[in-house]
Amino acid sequence: MLNLWRRLVPYLARYRGRLAFGIVSLILCRVFLLIVPQILEAAIDAVEGGATEELWRYAGYIVAAAAGSAIFRYFMRWHLIGVSRYAEYDMRRDFYRHLQTLPASFFSRFRVGDILSRSAQDMNAVRMVLGPGVMYPVETVVTTIGCFAFMLAISPRLTLVTLLVMPVVSVLMKILGEKIFRRSEKVQAKMADISAVVQENAAAARVVRAFSQEDAQRRTFARENEAYARLSMKLVAVSAALFPLLLALIGLGLAGTLVFGGTLAASGAITVGELVAFLFYYGYLTWPMIALGWVVNIHQRGAASMKRLAEILDARPLPTPDHATPLSRSFAHEPVSIEFEDVTFAYPSQGATGNGKPAPHVLRGFSLRVEPGQTVALVGRTGSGKSTIARLIPRIYDPTAGAVRIGGRNVRNLPLDQVREAVGFVPQDSFLFSLPLKDNLGFGNADAPMEAIERVAEEAGLTGDIAGFPDGYDTMVGERGVTLSGGQRQRAAIARALLLDTPILVLDDVLSSVDSETEARILEAVRRAARERTTLIVAHRLSTIRDADAIYLLEPDETGAARIVEHGAHEELLAAHGIYAAMYRRQMLEEELARL
């Protein structure tokens with residue numbers, strides 16, 4: 001619980017003025033409410049004394065007190081609940097911003113549905129701590145102090161009878177509160193599993209239908225949903241027991257108060273008006289005791305949710321030195337070198353193999369230099385480390401040892417945003433957003449004029465396709481670009497990278513889904529762009545990299561780490577009659593057979 005408030009207090013502190021005004025309104029609301037039993041006491045004693053003409057005056061006092069309580073209750077809720085909404089906004093913003101700083105290794109450990117559940121369900125549970133979880137405890141304290149002050153003034157002995165149930169309430173809160181926390185944590189975790197199943201099925205809807213797995217996926221969802229229902233009912237069993245037990249204790253206290261208080265009134269120790277006022281104050285204490293149970297529930301749920309949010313908020317972003325030196329202005333306008341110096345890397349998600357051996361390295365002591373303005377291609381069989389090398393340049397991952405340098409400077413010592421602004425990266429998975437096509441092409445350069453967008457679309461071979469779209473460049477692209485073909489998505493991703501006009505261009509096998517004619521047109525555009533850029537191309541189709549200045553053929557060694565086995569220009573490698581030449585002849589034969 002302490003960890004929960006350590007994280008939440010800074011968010012509340014930003015709105016200390018509204019919080020203070022809300023608490024003052026709360027105190028005034030309760031003051032007006034606490035006056036009502038005093039008015040009733042005076043009215044009843046006046047009636048017993050025969051002064052019935054005073055009743056209208058006392059009735060007016062009660063109406064005025066009720067009106068004052070209602071007015072300040074409005075301001076209390078407006079400000080205190082409002083603060084929780086503002087704080088929730090800040091927390092959600094910080095959560096999203098933090099997600100943007102996390103490396104790819106983080107997202108290999110957390111499912112998207114799990115992250116969505118934490119940002120929605122868990123965030124709302126924490127917000128309840130900041131709203132009702134703050135308002136009701138303060139209201140409980142103010143009400144309890146005020147009620148006991150008046151009750152002690154009426155009869156200390158009668159107040160003592162009322163206090164007998166309080167230790168039982170405390171023990172009850174402790175036992176059930178701990179159960180609520182543990183069960184809430186399990187319920188929230190299971191909700192994350194359900195969210196992940198729904199998200200994955202929505203994203204893979206076409207695959208599920210293509211393999212006729214609708215029934216299997218429904219069974220998977222049913223299992224998760226049933227597990228969630230079972231856990232929820234266990235939580236409900238505890239939560240449902242809390243309030244009846246509190247009410248039972250309150251009833252016992254009320255019965256004792258009525259019997260003992262009636263005896264005191266009959267003996268003349270207190271007046272009937274005082275007894276009625278005392279019973280009203282005891283009734284006022286009923287709400288704080290009920291609210292206390294609800295607040296315990298809210299805080300335990302909030303603590304469980306904050307623990308889950310903390311797993312993400314405490315995840316470390318890619319490190320950047322505190323005093324990273326910005327890139328020079330000329331860096332963005334001139335080709336620069338790319339250098340891999342004794343780089344070692346293993347994917348974090350691989351972990352241990354389970355047999356005591358270390359996880360295999362994709363790269364071990366790997367070195368490569370790409371000169372400024374040079375176009376270099378990486379080829380090799382699947383799993384030879386080509387895409388890993390491409391991902392290390394924009395720091396999607398960091399090497400575990402060695403250094404990646406741009407323009408002679410270690411990328412770890414440069415501001416991360418500037419490194420990525422300097423690299424036009426087109427990954428294998430051409431992800432598009434559910435936005436109009438022109439916004440997808442301009443992603444990363446929102447201020448690009450329409451003429452520039454049309455130019456890169458032409459260079460990427462998209463213009464003919466766009467002419468056939470119902471709304472042209474304003475055509476809405478479905479989630480992940482689902483309304484486009486694989487080739488159209490690849491070309492859109494290439495156009496997006498060309499629009500950025502970065503000094504470095506990295507293309508990770510981006511021409512696998514286009515025909516030979518479109519490939520030739522795109523390659524011509526890439527060649528024109530490469531004249532003023534340093535370009536790294538990862539390819540499986542060797543026809544796409546024949547004009548590269550240098551080609552490096554990668555093969556895994558006996559440990560699985562990538563190593564360069566052949567390098568040179570296209571014609572040089574063919575003349576060497578090695579692995580590259582054999583691969584090229586085989587691909588040419590396959591293409592010839594495909595055309596028959």
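**Exercises on a predicted model**

R369 and E339 form a salt bridge, with 3.3 Å between the closest N and O atoms. The model is predicted, so local features need pLDDT of at least 70 and side-chain atom pairs count only at pLDDT 80 or more, while totals for chains, interfaces and linings use all residues. Residues are numbered from 1 along each chain as its sequence is written, and side-chain values use heavy atoms, with hydrogens and water left out.

**Exercise 1. Salt bridges**

Solution. 

Step 1. The criterion is a side-chain nitrogen of Lys or Arg within 4 Å of a carboxyl oxygen of Asp or Glu. By this rule there are 22 salt bridges.

Step 2. Helices (H or I, at least four residues) and strands (E, at least two) are DSSP runs, numbered from the N terminus.

Step 3. Relative accessible area sorts residues into buried (under 20%), exposed (over 50%) and partly exposed (in between), with a 1.4 Å probe and protein chains only. R369 is partly exposed at 37%, and E339 is partly exposed at 21%.

Step 4. A salt bridge also joins K438 to D474, where the closest N and O atoms are 3.0 Å apart. K438 counts as partly exposed at 29% relative accessibility, as does D474 at 43%.

**Exercise 2. Nonpolar cores**

Task: identify the residues that touch the most other members of the largest nonpolar core, then list the contacts of Y580.

Solution. 

Step 1. A nonpolar core is a set of buried Ala, Val, Leu, Ile, Met, Phe, Trp, Tyr and Cys residues joined through side-chain atoms within 4.5 Å. In soluble globular proteins, nonpolar side chains tend to be buried together.

Step 2. The largest core has 45 residues, of which L441, I545, I551 and Y580 touch the most other members. Helix α17 (residues 486-500) gives the most to this core, with seven residues.

Step 3. Contact means heavy atoms within 4.5 Å. Apart from neighbours within four places in sequence, Y580 contacts V379, L542, I545, I551, L553, E566, H570, L573 and L574.

Step 4. A second, separate core has 35 residues, including L99, I115, V134 and V295.

**Exercise 3. Pocket and cavity**

Task: give the volume and lining of the largest pocket, then do likewise for the largest cavity.

Solution. 

Step 1. On a 1 Å grid over the protein atoms alone, a cavity is a set of points where a 1.4 Å probe fits but cannot get out; a pocket is an open set with protein on both sides within 12 Å along at least five of seven lines; lining residues have an atom within 4 Å of a point. Grid points are joined across faces, edges and corners, and a volume is the space filled by probe spheres set on the points.

Step 2. The largest pocket holds about 2400 Å³. Its lining has 46 residues, and Q100, I396, F431, F433 and F443 are the closest to its centre. Helix α3 gives the most to this lining, with six residues.

Step 3. By class, the pocket lining has 24 nonpolar, eleven polar and eleven charged residues. Here Ala, Val, Leu, Ile, Met, Phe, Trp, Tyr, Cys and Pro count as nonpolar, Asp, Glu, Lys and Arg as charged, and the others, Gly among them, as polar.

Step 4. There is one cavity of 30 Å³ or more. The largest cavity holds about 100 Å³. It is lined by 13 residues, with V510, L511, I537, V538 and T544 the closest to its centre. The cavity lining comprises eight nonpolar, three polar and two charged residues.
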